Amino acid sequence: MQNKISITKPSISELEIEYVNDAIRNGWGPKCYDYINKFEKSFPEYIGSKFGLATSSCTGAIHLALMAMGIKSGDEVIVPDSTWIASVEPILYIGAKPVFVDVLEDTWCIDPIEIERAITNKTTAIIPVHLYGNVCEMDEIMEIATKYKLKVLEDAAEGLGSEYKGKKCGSIGDAGVFSFHGTKTMSTGEGGIICTNNKEIYSKASILNDHGRDPKIGKTFWMENYGYKYKMSNLQAAMGCAQVKRLEELVAHKRLVFSWYKEGFKILKGFKLMKNRIMQ
Ligand SMILES: Cc1ncc(COP(=O)(O)O)c(C=O)c1O
């Protein structure tokens, strides 16, 4: 029988155990948002974004972000044809149409030339996906977005720690989303976040994530419109706070694992690893 290489598991230290224990023991009543508030500050700080909205998954984060950007039924949204299905499903949730375009041979990330070819008068957004920690050609993508007045939502679910010209993936477009599923570089069990520098996107996504409640109205049981609930729990956020403190270490270890594969695969003739900027 062949030995299988198991999928990655989160790295859990005493710090995660301490924070989650504290959240279980004390994080209730008036303290029930304490770790969420801390996490929504510390994670975007690492990314280099002003605002962060923690969610129950990255899939939910994509759904909220698209709605907050004003993407609506009938719009066309450009996505790479090689990604996890969750990059695409939320486009369908809102009745918009995913338009698939090819990826580049060396990074498996969306090809900017193909993006421009796919644009029609219905196109309103592009979702570049930083696949496997590889990095999309963000300068070209942002230039196209500006030229055609399109929104850019970076799917950085797999791109935590990757950088493009000194900027962290997920901090370059109108908004970026991350996943904290157990297979990702850092984890909260399940979870996600929207990071953005755009206050309007952040505010709209926050209202949508609270059943449509607008804090400016100040009435607890009053919803101007219906919304959604993709919230992260305080327990998950406690784990997230500990993982953020260890992010440099977690990303460095990921690089180390990559170097093992790179070395190990040298014996395979003609085998080419993708260009991976996180590792450079
Ligand atoms: C590229 C990409 N986008 C989105 C997601 C969705 O993340 P989540 O499972 O947290 O909803 C994933 C998760 O595997 C992913 O790899």
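These are my notebook entries on what I looked up in this structure, which is a predicted model.

**Entry 1: the sheet**

I began with the strands, and I found seven of them forming an open sheet in the order E1-E9-E8-E5-E4-E2-E3, with mixed pairing. At the edges I noted strand E1 (51-55) and strand E3 (97-101), each of which pairs on one side only. I then looked up the angle between neighbouring strands of this sheet, which are turned by 25° against each other on average, direction ignored.

Within the sheet I looked at the pairing of strand E4 (residues 123-126) with strand E5 (residues 151-155), which run parallel and are joined by two bridges. On this pairing I also wrote down that Ala125 stands opposite Lys151 in E5.

**Entry 2: helices against the sheet**

Which strands does helix H7 lie across? I found that H7 (residues 199-208) lies across E1, strand E8 (175-179) and strand E9 (192-196), and that H7 runs at about 25° to E1.

Among the buried residues of H3 I listed Cys58, His63, Leu64, Leu66 and Met67, together with Gly60 and Ala61. I also looked up what the buried residues of H3 pack against, and the partners are E1, helix H4 (89-93), E5, E8, E9 and H7.

**Entry 3: salt bridges**

I counted the salt bridges by the rule that a side-chain nitrogen of Lys or Arg lies within 4 Å of a carboxyl oxygen of Asp or Glu, and the count comes to twelve.

The pair of Arg246 and Glu16 was one that I looked at closely: the two residues form a salt bridge whose closest N and O atoms are 2.8 Å apart. The pair links distant parts of the chain, with Arg246 in the loop between H8 and helix H9 (247-264) and Glu16 in helix H1 (residues 14-26), 230 residues apart. Are Arg246 and Glu16 buried or exposed? I found that Arg246 is buried, and that Glu16 is buried as well. I also noted that Glu16, Arg246 and Glu249 are linked in a network of salt bridges.

For Glu45 and Lys41 I wrote down a salt bridge with the closest N and O atoms 3.4 Å apart. Glu45 and Lys41 are separated by about one helical turn, because they are four residues apart in helix H2 (residues 34-47). Both Glu45 and Lys41 are exposed.

The last pair I looked up was Glu116 with Lys147, a salt bridge in which the closest N and O atoms are 2.8 Å apart. This pair also links distant parts of the chain, with Glu116 in helix H5 (residues 112-118) and Lys147 in helix H6 (residues 138-148), 31 residues apart. I recorded Glu116 as partly exposed, because its relative accessible area is 30%, while Lys147, with a relative accessible area of 57%, is exposed.

**Entry 4: a nonpolar surface patch**

On the surface I found a nonpolar patch formed by Ile24, Trp28 and Leu235, with about 300 Å² of accessible area together. I located Leu235 in helix H8 (residues 234-245), and I recorded Leu235 as partly exposed, with a relative accessible area of 31%.

**Entry 5: residues in loops**

I looked up Ile217, which lies in the loop between H7 and H8 and counts as partly exposed at 32% relative accessibility. Leaving out residues up to four places away in sequence, I found that Ile217 touches Trp222 and Glu224. I also took the C-alpha to C-alpha separation of Ile217 and Pro10, which are 207 residues apart in sequence and 41 Å apart in space.

Where does Tyr132 lie? I found Tyr132 in the loop between E4 and H6, and I noted for Tyr132 a positive phi of about 55°, although it is not a glycine. Tyr132 is partly exposed, with a relative accessible area of 47%.

For Lys149, which is not a glycine either, I noted a positive phi of about 55°. The place of Lys149 is in the loop between H6 and E5, and at 75% relative accessibility I recorded Lys149 as exposed.

Terms used:
Residues numbered from 1 in each chain as written. Predicted model: local features only at pLDDT ≥ 70, side-chain atom pairs only at ≥ 80, totals over all residues. Heavy atoms only, no water. Patch = residues over 30% accessible without salt bridge, like charges linked within 9 Å, V, L, I, M, F, W, Y side chains within 5 Å. Areas by Shrake-Rupley, 256 points an atom, 1.4 Å probe, with all protein chains shown as cover. Buried < 20%, exposed > 50% of the residue type's maximum accessible area, 1.4 Å probe, protein only. Pairing = 2+ DSSP bridges. Axes fitted to C-alpha atoms, helices over the stretch in contact; angles between N-to-C directions. Contact = heavy atoms within 4.5 Å.
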